[in-house]
Amino acid sequence: MRPYLRDKKTFTFEEIPEDTCFEAGYLVTENSGWRSVTPKIDAQACIGCSQCYLYCPDGVITIQDKKAVIDYDFCKGCGICSKICPKNAIEMERAI
Amino acid sequence: MRADQLDKNEYFYGHKACAGCGGSLAVRAALKVLGERSIAVLPAGCMSAVGFNFPQLCFGNNAIISMFAGTASMLTGVEAGMRRRGYKDFHAVGLAGDGGTADIGIQALSGAIDRGDDILYICYDNEAYMNTGIQKSGLTPYGARTTTTPAGRNIRGNIRPKKNMFEIVAAHDIPYAATATVGYINDFIDKVEKASKIRGTKFIHVIAPCPTGWGIPVSDTIEVAREMADCGLWYLAEYENGKFTLDRDPGEFKSAEAHLRRQGRFKHLTDEDIDLIIKSRDEKWEKIRREWK
Ligand SMILES: Cc1ncc(C[n+]2csc(CCOP(=O)(O)OP(=O)(O)O)c2C)c(N)n1
Ligand code: SF4
Ligand code: SF4
Ligand code: SF4
Ligand SMILES: [Mg+2]
């Protein structure tokens with residue numbers, strides 16, 4: 001489980017909770033629009049070492065079948081993963 | 001702890017921290033170790049500002065914002081309340097900035113350690129009050145330019161050294177204290193795990209570069225954090241059972257000058273300023289190499 005996008009995105013004034021309690025992990029917006037460059041993983045070169053997964057500040061990388069996979073909805077394009085990868089398997093592309 | 005032993009869930013996700021934010025990595029990694037049965041207390045600061053923007057609520061576990069000064073006292077209350085309700089297997093964890101820890105929150109922290117409350121206090125140190133636009137804190141290093149310590153013709157940035165928070169906390173005879181950096185994330189993860197198994201008050205001071213405030217590219221956060229430890233301007237150490245230990249001695253230091261010069265906040269420093277920083281680094285290491293074997 002991780003915080004995820006919900007269907008209900010707007011709230012009327014009456015619906016806003018009066019106290020400080022609300023559901024954990026309730027997301028209504030993506031962060032993909034922040035990117036000016038986008039990490040692209042070369043699955044051939046990736047050895048699934050988890051370095052990018054460990055160091056991504058946004059936690060958007062998972063290792064699936066020994067390969068890194070990115071959740072582009074929330075990747076901000078910082079490029080940390082690309083720098084940390086020991087196999088140079090992540091290229092930052094000028095595209096969103 | 002190996003990567004595949006970590007909780008696969010994410011507990012800090014979709015947050016609005018700047019791209020490449022070191023603080024957000026520290027929070028994310030700590031919560032992956034502590035898991036869903038942790039109650040996080042975050043004072044005013046970047047991590048609460050980027051994590052709670054109703055209805056965008058980025059913590060997957062229970063989390064609450066405390067008053068700026070009150071991280072540790074709220075942790076005390078959370079822990080006592082949970083215990084009173086019969087919960088056993090949980091972690092009360094504080095995730096506070098350097099200003100919130102070394103300045104305004106230091107009294108509450110000192111009190112909690114004195115009472116021996118069973119809490120884990122993590123200070124993510126980005127070396128200034130970032131959330132309000134980069135003001136000097138007690139943990140801003142010598143020479144750094146902030147909006148309250150500008151670099152001009154007569155005074156070149158911060159004229160005070162970085163407060164020695166780790167040793168101030170250790171001087172309370174706390175059960176466990178450690179320093180860490182997001183640059184060596186496995187070491188940080190291991191320390192959080194170790195702290196989570198110790199009863200009583202625990203404190204971890206983790207360096208977390210802020211690209212916005214430090215004037216570095218967003219892709220360089222980890223590299224700069226590593227370099228800071230490798231050039232001796234940070235150290236990885238622990239305090240346990242009344243004893244200090246140095247966890248990692250880089251041996252020959254990497255260039256501190258190159259490390260400082262690549263950061264916008266140190267651009268104005270003269271060669272003499274840098275010599276002064278290196279001299280105080282060498283004095284510090286002479287002492288810790290001698291005393292913290
Ligand atoms: C009592 C009080 N004084 C001042 C503020 C304004 N304030 C909010 S966040 C912040 C800076 C926090 O700095 P730090 O603890 O280093 O965390 P960072 O933002 O750098 O992550 C300040 C001064 C406040 N919220 N409450
Ligand atoms: S760091 Fe590189 S090799 Fe390792 S998992 Fe990520 S993409 Fe694959
Ligand atoms: S670019 Fe940054 S946010 Fe995107 S996957 Fe890489 S490390 Fe994570
Ligand atoms: S200002 Fe710095 S600490 Fe705050 S969110 Fe941005 S990068 Fe992180
Ligand atoms: Mg700060």
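This is a predicted model: local features need pLDDT of at least 70, side-chain atom pairs count only at pLDDT 80 or more; totals for chains, interfaces and linings use all residues.
View 1. Residues are numbered from 1 along each chain as its sequence is written, chains are lettered from A and ligands numbered from 1 in the order in which they are written, and side-chain values use heavy atoms, with hydrogens and water left out. Helices (H or I, at least four residues) and strands (E, at least two) are DSSP runs, numbered from the N terminus. H1(B), residues 22–34, lies across strands E1 (38–43), E5 (91–97), E6 (120–125) and E8 (202–207) of chain B and runs at about 175° to E5(B); contact here means heavy atoms within 4.5 Å, and axes are lines fitted to C-alpha atoms, for helices over the stretch in contact, with angles from 0 to 180 degrees between N-to-C directions. The end C-alpha atoms of H1(B) are 19 Å apart, which agrees with the 18 Å that its 13 residues should span at 1.5 Å a residue, the expected span being 1.5 Å times one less than the number of residues. Just after the helix, B:Gly35 takes a positive phi of about 80°.

**View 2. The open sheet of chain B.** Eight strands form this sheet in the order E4-E1-E5-E6-E8-E7-E9-E10, with mixed pairing, where two strands pair if DSSP finds at least two bridges between them. At its edges are strand E4 (62–66) and strand E10 (243–248) of chain B, each of which pairs on one side only. From one strand to the next, the twist averages 20°. Strand E7 (residues 176–181) and strand E9 (residues 236–240) of chain B pair in the antiparallel sense over three bridges, and B:Ala177 has B:Tyr239 of E9(B) as its bridge partner.

**View 3. The hairpin of E9 and E10 in chain B.** Five bridges connect E9(B) and E10(B) in the antiparallel sense, and B:Glu240 has B:Lys243 of E10(B) as its bridge partner. The two strands form a hairpin with two residues between them, and B:Asn241 in the turn has a positive phi of about 50°, although B:Asn241 is not a glycine. Most residues other than glycine have a negative phi. At 72% relative accessibility, B:Asn241 counts as exposed.

**View 4. Helix H9 of chain B and B:Met228.** Eight of the ten residues of H9(B), residues 221–230, are buried, so the helix is largely enclosed by the rest of the structure; among the buried residues are B:Ile222, B:Val224 and B:Met228. B:Met228 counts as buried at 4% relative accessibility. Leaving aside neighbours within four places in sequence, B:Met228 is in contact with B:Glu127, B:Ile207, B:Trp214, B:Leu233, B:Trp234 and B:His259. After H9(B) comes B:Gly232, whose phi is positive, near 85°.

**View 5. The hairpin of E4 and E5 in chain A.** E4(A) and E5(A) run antiparallel and are joined by four bridges, with A:Ile63 standing opposite A:Ala68 in E5(A). Two residues lie between the strands of this hairpin, and A:Asp65 in the turn has a positive phi of about 50°. A:Lys66, in the loop between strand E4 (61–64) and strand E5 (67–70) of chain A, has a positive phi of about 65° although it is not a glycine, and at 67% relative accessibility A:Lys66 counts as exposed.

View 6. The residues around ligand 2, each with a heavy atom within 4 Å of it, include A:Cys46, A:Cys49, A:Cys52, A:Ile63, A:Ala68 and A:Cys85. This shell divides into nine nonpolar, three polar and no charged residues, where Ala, Val, Leu, Ile, Met, Phe, Trp, Tyr, Cys and Pro count as nonpolar, Asp, Glu, Lys and Arg as charged, and the others, Gly among them, as polar. Among the residues that surround ligand 3 are A:Cys56, A:Asp58, A:Cys75, A:Lys76, A:Cys78 and A:Cys81, and the shell around ligand 3 divides into eight nonpolar, two polar and two charged residues.

Conventions. Buried means under 20% relative accessible area, exposed over 50%, partly exposed in between (1.4 Å probe, protein chains only).
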